[in-house]
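Please read the points below alongside the sequence and the model.

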Amino acid sequence: MSDSLKDIPVKVEHTPPSPKAAQETVSLYEAQKKIYPRSVKGIFNNWRILFVLGTQLAFLGLPWLNWNGRQAVFFDMVNRKFFIFGLTIWPQDFVYLAALLMSCAFGLFVWTTIAGRLWCGYSCPQTVYTEIMLWIEQLVEGDRNKRIKLDKEPMSLRKARLKLTKHGLMILFCLWTGFSLVGYFTPIRDLVKAMPTFDYGPWESFWIFFYAGFTYLLAGFMREQVCKYMCPYARFQSVMFDADTLIISYDEARGEPRGARKKGVDFKQQGLGSCVNCGICVQVCPVGIDIRNGLQYECIGCAACIDACDEVMDKVGYPRGLIRYTTENALEGKYPEKDIVKHLRRPRVIMYTVVLLIVLGAALGSLAMRKPFKVDILRDRASLVKETDAGLLENAYIIKIINTTERDQEFKISVDGMPDLKLESDSKHLRVKATETESFGVRVQADPQVATKGSHEIHFKVETVSSPVLHVEEKSSFIGE
């Protein structure tokens, strides 16, 4: 470099980066894309409709049934009695509630191990209510393509009318479900009578709108988001799966490579599989997954993709079953699909089934042997012991009898445990009305020479007067001096 260039100053400018270029927003959550499930026809769709109608017929209809002059299924929280047809459940019987919950849990474990998420696909309330909301959408807005087109249109009187009609019907149905739920705890006919003036209590009003509001939110808007992100069963159900669990699977060996083709052309000569890549299996999926990508935790096992694929296979003249219920081992050719039933006898299924049968057997056996009445003995704490005019020692007791049957019952009481005990009662006829509780005061007298100072064990025997004669014995104590 020459000397003349050495003395020339050089100015270097640094351009600061743009704030927008330096910042980048990374979302940790996938943006929700509205799913427009396509309607489908087929055997599994028919089963799903049957379960939707069946579960709603039971839920909405049971409160209207009568049994012996009362509501057949009624949970009387005020009087602490649950009526289920001819069965009355008292607070002392809540062990049966624990047995019911355990039976439901192990029943779900057994079913999941055998056949995957059939509960989710056919009977889960989220699935059932979402299906009903989709029926309302299709009724008002039309099929899948019409709904997509409607949502893309700018707001207009027609669009507003359709949207208001749809959401109005949804809200009415949700209010009906909330009303029916409260009808299990408040006589539903009383709720109907109070409807014109809305003369409901605060808790009744709260639960009607609470249940209706969340039904509208979860089934009308969130839908598959509940199954994918909120439901814990979707997360832990995989631990109950094994290679012999019945799942919905795409036969990759038969279907790949997928691609479009002309009808009547030998696809094998073109190097194609049976899958025509129509995408209908994705369009009918209520959670928006592609079953051809393999088993995914989002899959609820509704089998809509099976019905859709079978319909396409029929149209192109290929055998059904490209997407079908099968097991991982059967799909891999480890045994023929006709032997799937033989593989039900495996340790996990047997273990769950044994536990389920034990819980059910214990609960049903206890119910079968349950006495038609219950007895509770309470001592009169105000006066532990006193002396009668005849010189006998007397203890007072309150005998509480719970009639657990649907008919009136009459009882008699006796006492033993010490020599020459005498029993005096305020009531000659111990009569208890159906499903009622009565308390009776009794006095037990004993000779002072026998009833020495301290506590002595005695036994009360309460037995029915009418045939068949049943009795209950309860232990208590007699205080001497």
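1. Cys174 is buried, its relative accessible area being 1%. This is a predicted model, and a search through the whole of the structure turns up zero disulfides. Cys174 accordingly takes part in no disulfide, and the nearest cysteine sulfur, which belongs to Cys124, lies 15 Å away.

2. What keeps the sulfur of Cys275 from a bond with the closest cysteine sulfur? The closest one is in Cys281, and because the two sulfurs are 6.5 Å apart, they are too far from each other for a bond, the cut-off for a disulfide being a pair of cysteine sulfur atoms within 2.5 Å. Cys275 is also buried, with a relative accessible area of 6%.

3. The packing of two helices deserves a separate look. The axes of helix 3, which covers residues 43-61, and helix 8, which covers residues 157-182, come within 9 Å and cross at roughly 55°, and the two helices are therefore oblique to each other. On the side of helix 3, Gln56, Phe59 and Leu60 take part in the contact, and they meet Phe173, Trp176, Thr177, Ser180 and Leu181 of helix 8. Sorted by class, this contact of helix 3 with helix 8 holds five nonpolar and three polar residues, with no charged ones.

4. As for confidence, the chain has a mean pLDDT of 89, with 93% of its residues reaching 70 or more. Over residues 1-6, however, pLDDT stays under 50, and for this stretch the model has one contact beyond four places in sequence.

Key:
Residues are numbered from 1 along each chain as its sequence is written. This is a predicted model: local features need pLDDT of at least 70, side-chain atom pairs count only at pLDDT 80 or more; totals for chains, interfaces and linings use all residues. Side-chain values use heavy atoms; hydrogens and water are left out. Axes are lines fitted to C-alpha atoms, for helices over the stretch in contact, and angles run from 0 to 180 degrees between N-to-C directions. Helices (H or I, at least four residues) and strands (E, at least two) are DSSP runs, numbered from the N terminus. Angles under 35 degrees count as roughly parallel, over 145 as roughly antiparallel, 65 to 115 as roughly perpendicular and the rest as oblique. Contact means heavy atoms within 4.5 Å. Ala, Val, Leu, Ile, Met, Phe, Trp, Tyr, Cys and Pro count as nonpolar, Asp, Glu, Lys and Arg as charged, and the others, Gly among them, as polar. pLDDT is the predictor's confidence in each residue, from 0 to 100. Buried means under 20% relative accessible area, exposed over 50%, partly exposed in between (1.4 Å probe, protein chains only).
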